[in-house]
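Have the viewer open and follow along.

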Amino acid sequence: MAITGITVVVPVFNKMPDLRRSVESLAAQTVPPDAILFVDDGSTDGGREYLEALGWPNARLIRRDRPGPGGYAARNEGIRQAETPWIAFLDADDQWAPGYLDAVTALAAAAGREVGCLFTGFDNVAPDGGRFLLRYFRRNAEAGVHRMDFAGLLENWLADGDCPIWTSAVTIRRDVLLETGMFPEDRCRRGGDKDTWLRVMRHTAALCDPRPHAIYRRDSVNMVTERGVTTFSHCIRPTVEGLIEGAPAGEVRLLKRLWNLEAYLYARRAAARGQFSSAALDGFYADVDPLRYLALRLFRLSLVRRGMTLARGLTG
């Protein structure tokens, strides 16, 4: 099924130090999109005014009154207002290489109706300027364009400890997004992207171009991953539990291991910030990953002891 139209959805909220770079990468595309929807969540840093002044004929600014966690509500509004079969996402602090949409167009031209997700490799740029590519894309570099199903997503996610699908390097058919519930704006403060990929990939297959066509900058301003506490249970939990119901035995085990991995990573991040709580243990499948379960309990014990030591210091 050849691509017949693509809309780029860009959620924006107080990203002006990075927004210009992202917009310039859009302008540099060798294959322009049919439409661009900037969805502003009430920016107060001049970003809205900057977008209004662009004057691009294929771009529209959608105004929302207040920010939504993770940009999920803004993306959903863009999906609802889009009029093309395909939706590409570009966060306001990320950027595309000039050939990104060219690569996506080629993927879509090679896809059949059963493929509703297209994704590419992406460079991670560290605060010190260093770059690295996820193991998945390094491992599949010589394979070139290839197909992935739901089990393949789970297996590779677990093998690498990282989801190979990333927001600013994925394009999804609009009908698939609508059928699978779009982004979880009402129940996720963070982690909602991964929740969305799980539901999308359970519904459809994907094509991947492992070449790095996008750039994820880890030194951006106002990053969701650097804000807030991580003591709550990861929001993919209800989705994983729902997917487990009726799944074949092999897939059930993969889903349980995936939940354990994400719960463990959340808890480890929380423990490093001194914020660990028992919520990280909720729903953990200890029989599948006994060593990770032990590590979680040790995290909790370590922080309890740290708190007791601090309390003695304050009262001594």
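Start at M182, which sits in the loop between helix 7 (174-179) and helix 8 (192-203). This is a predicted model, and in it M182 has a positive phi of about 60 degrees even though it isn't a glycine. Most residues other than glycine have a negative phi. M182 also counts as buried, because its relative accessibility is 11% and the cut-off for buried is under 20%.

N14 does something along those lines too: its phi is near 50 degrees, again positive in a residue other than glycine. You'll find N14 in the loop between strand 1 (6-12) and helix 1 (16-27). With a relative accessible area of 19%, N14 is buried.

Now for the charges. Side chains of opposite charge can pair when their charged atoms come close. The structure holds 20 salt bridges. One of them joins the side chains of K15 and D93, at 2.7 Å from N to O. That pair ties together distant parts of the chain, 78 residues apart: K15 is in the loop between strand 1 and helix 1, while D93 is in the loop between strand 4 (86-89) and strand 5 (95-96). Both K15 and D93 are buried.

D18 and R21 meet at 2.9 Å, N to O, and since they are three residues apart in helix 1, about one helical turn separates them. An α-helix has 3.6 residues a turn, so residues three or four places apart point the same way. D18 is buried at 7% relative accessibility, whereas R21 is partly exposed at 25%.

Next, look at D91 and R75, whose closest N and O atoms are 3.1 Å apart in a salt bridge. D91 belongs to the loop between strand 4 and strand 5, and R75 to helix 3 (residues 72-81), 16 residues apart. Shared partners join R75, D91 and D193 into one salt-bridge network.

Helix 10 itself (residues 249-272) reaches 35 Å from its first C-alpha to its last, close to the 34 Å expected for its 24 residues. Just after it, G274 takes a positive phi of about 70 degrees.

Notes: Residues numbered from 1 in each chain as written. Predicted model: local features only at pLDDT ≥ 70, side-chain atom pairs only at ≥ 80, totals over all residues. Heavy atoms only, no water. Helix = DSSP H or I, 4+ residues; strand = E, 2+ residues; numbered from the N terminus. Expected span 1.5 Å × (residues − 1). Buried < 20%, exposed > 50% of the residue type's maximum accessible area, 1.4 Å probe, protein only. Salt bridge = Lys/Arg side-chain N within 4 Å of Asp/Glu carboxyl O.
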